[in-house]
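Dear colleague,

Please find below the structure I am handing over to you, together with its sequence. My findings are set out after it.

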Amino acid sequence: MRQVPALPIVGSFAERLLVDDLPDLQPAQRREVVAFIAHRVDSLPSFTRFGVLAIGTVFRMLVAVPGGWLGAKLLMKLPLPFVGEYPRLMRSLGFAYVWEHWPTTTPTGALA
Amino acid sequence: MPETWSVPNTTVVTGANGWLGRALVHRLLAEPGRRQLRLLAHSTADAHSLREFVGPRNGVDILIGDVSRADTAQRLLYGVSKDTDVLHTAGVIHPTKVRQFAEVNTNGTRHITEAALDAGVRRLVHVSSNSPFGTNPHASDTFRADEPFNPYLGYGKSKMFAEVAVNEAVAAGLDATIVRPPWFYGPFQPPRQTTFFRMVRAGKFPVIGKGDQRRSMVYVDNLVDGILAAELTPAARGNGYWIADARAYTVNEIVETVGRALVDEGLSVKPPTTHLPTLAARVAETGDRVLQAVGVYQQQLHVLGEMGHTIACDISRSTAEIGYEPKVELYEGMRRSIRWCLDQGLEL
Amino acid sequence: MSLDADILIIGSGAGGATTATVLAEAGLDVLIVEEGAWVEQGSVVPFSLDQMDQQYRSGGVTVALGMPSIAYTEGRCAGGGTEVNSGLYWRPPGELLERWRHDFRIADFDPDDLLSIADEVETAINVRTVPGPHSAPSEVLRSGAAALGWQHSEVPRWMTYPHGDDATKGERQSMTRTYLPRAMKAGARLVTGRRIDRLVIDGGRATEAIASLPDGSTERITFRHVFVCGGAIQSPALLQRSGVKGHIGRTLAVHPTVKLAARFADELNVPDDVPVHQVKEFAPHLSFGGSASNPGLVALSLLDQWPTFRRAVTDWPRMSVYYAAITSQGRGRVMSVPRMKDPIVTYRLTHADRELLRSGLARLALLMLEAGAEEVFPSFRGAPSVKNRRDVATMQHAFSATKATVMTVHLCSTVPMGEVAERCGADSFGRVHGYRNIHVNDASLLPTAPGVNPQASVMAFAIRNARHFVATGGSRA
């Protein structure tokens, strides 16, 4: 089965999350982190990947509309099965990458 | 055996007219060398009944007061010598209002520790509970000597903050130690305990699930042994000790043993028939939690909710450090308490 | 393209490598097929993202779905999990072996026999304690447990220390260093980069395996016997894809773990190694130990409560990550779905499991305070930071397993071994019930999760079963 690449689906949402969590991360770094996240989503086991991209599509559509980010944040807070795990996955991958590559990064994402 | 002190000149007991208090006073009166006893009773009626209990004896002062008021503790310890030990048993376990937990158990303990610190007494023994530590996470789990706080509802929280108050006083220079009895039983028990015997007799004691929850228990005289061991062991300062029987029993074993003790005391017993699903205990616990949140305490609900859990503790450190050895085991202890009830003319 | 061998072994981890060694040394013609690559030790940093890319399945991002979902990892390289894990070695407890024998009616299962195999394994992979002082994160576990009077010990590892007595500079005596070279010396062939899509089965016999290569081409492999050693997820998944019926993939057992990060006054972080101490006071229900703690992983452990915990991230040199693991009553499933390459994995924690996780995390937090932690950061949403004993109570009150980051690295019991039809996927020697020449010989066979690091049990089981196969000449094929 040919795979749909993850980047167009998860990219904008992952970027938005990074802006929120780590506002001082440099744009170039952020692009690197987003590329890494998308690469990891591409190598997920088939079923998980399918689920992630399905939920990712919903979030992508949300962040694309004005005020949608607030809606996305609300959605993340709801105790829905699996839905909350999607942003968690994005953030986990992002954080692991940031601090493994730039260990002196500050809590807001700035390079120390 | 650890090094011990001799008995002090003055022994102060709070909650002296309570169940544990009476068992303790009973022992202190019999101990040679306990010259002065200073006993705190909650009300005039309590004081009268306690005076009757003590009988004609020199050197026993009975004060009336409520530990939840700061001046009571000050009066209680006013003018005592350095050769004084305080045995703090006052507490409320089944209150009429939830706020009494904090007032009596937490604030009362804080007042006593503060007064004890001011008076410079030799040792304070604080009687705590298993409740600051909640219930075991698993039927085969046993609480070790040192466990993280996980208070079980209002009572547990109030007893946790009482322990915190004691620890703060220790840090400020008070010589104090904590004893933690789980479920205790025996002579001088209040009426609710006769209900327990009646339920077992009628085969109506509620066994939750398979009845394989484990419970540590302690016969009240064993508990008195533990309190006095903690009082008289200098090295116990700042520590907490479980005071319980050597091992925990399953609920089935408790019901069976109590049944046997009742039969051997000449009472008829019906086989246990009241088995409730685990869910019943969980519903009761939730109900208890909800009611307590709005300030209402419902005893049956509370007891039933807790019945679904294991509360087991390991006394090995108490044996090693303060030389506590439980002398009376469950069957014998139950026989003695049944006999005591019958002697009091109580109907079981 | 096609390959042929007397014995096909699928997977080269703790199960496959030991099976290959026993069979090749007995003179059988052995072919090992490994999906991942051969990665030389020392060419990647242990516990790094780079290692995850090269040696883990799906970059280390695999999950058993549930409430909560449980993240797990699988090695996917020559040597399998032995290449990437912490190398901690625990013999299966004798009483557990006895219980397995009894409850699953495993025939000719002599615990003493397994323990004597364990002796051999310990020599072969050089199981030993560290030569010099313990690392600071390991010392935390030791001193905290000692202060509480809790039973604890250094767990030996399959390691050598060629560079002096630095406890953090060991070389893992994994399968690529021990059993795989031994198997190859005895004539076994190893091919990597091939995934077995399915076995072709005809009348209770597997006749060939269909492998796919990275370039998309396929390869047929014929054999007399096949040993499936892909681990507790991949082995049942392959059997299901091949149409094997029976008790396959229905009883996944894991050791769910919850974590916390603890911050101390002095620097202690060791980015590329894990502590060797474990606390077994509450075993088998609860165990405490140390996790990999590079800066990325410290950041991860703060993520659940990022708004309030983020301030600690730059303190990572003074922090280390620890776990509480439970023996779970819950079970999971591995289910292959037609047309999907990978199986669906699920896991359900029971009420009792959740209580144990809460208590485990609290006891671990207490241990950290006793070891001198300034502040403890539990990994669950809504967690308070813990600085004193009262905070531990607040933490227990706030905890729920559903809000926690739950993970596991120990997966087993998907093809339990024994003769109880409704509970066992394989017979007393790992042969799949109802099939003449299909064997499973890896963690899938362990009847339950052992409550300790399972790899020693896996190796002992595999060697026992392979020897039985040699002794009986695989005659039942």
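The notes that follow cover the chain contacts first and then selected helices.

Please bear in mind that this is a predicted model.

Chain contacts

Two pairs of chains touch, and the pair with the most contacts is that of chains A and C. Chain B also meets chain C: 13 residues of chain B are in contact with 20 residues of chain C. On the chain B side, this contact comprises seven nonpolar, four charged and two polar residues. Chains A and B, by contrast, share no contact, and their closest C-alpha atoms are 21 Å apart.

A helix pair in chain A

Helix α1 (residues 7–21) and helix α5 (residues 85–101) of chain A pack with their axes 10 Å apart, at an angle of about 70°. Since angles of 65 to 115 degrees count as roughly perpendicular, α1(A) and α5(A) are therefore described as roughly perpendicular to each other. Their crossing is right-handed. From α1(A), the contact draws on A:V10, A:F13, A:A14, A:L17, A:L18 and A:D21, while α5(A) supplies A:P87, A:M90, A:R91 and A:G94. By class, seven of these residues are nonpolar, two are charged and one is polar.

A bent helix in chain B

Helix α4 of chain B spans residues 99–119, 21 residues in total. From its first C-alpha to its last, α4(B) reaches 29 Å, close to the 30 Å expected at 1.5 Å a residue. At B:N107, α4(B) bends by about 30°. The residue that follows α4(B) is B:G120, which has a positive phi, near 70°.

With kind regards

Notes. Residues numbered from 1 in each chain as written. Chains lettered and ligands numbered in written order. Predicted model: local features only at pLDDT ≥ 70, side-chain atom pairs only at ≥ 80, totals over all residues. Contact = placed C-beta atoms within 7 Å. Nonpolar A, V, L, I, M, F, W, Y, C, P; charged D, E, K, R; others polar. Helix = DSSP H or I, 4+ residues; strand = E, 2+ residues; numbered from the N terminus. Expected span 1.5 Å × (residues − 1). Bend = angle between axes of the 7 residues up to and from the residue. Axes fitted to C-alpha atoms, helices over the stretch in contact; angles between N-to-C directions. Parallel < 35°, antiparallel > 145°, perpendicular 65-115°, else oblique. Left-handed = near helix turned anticlockwise from the far one by under 90°.
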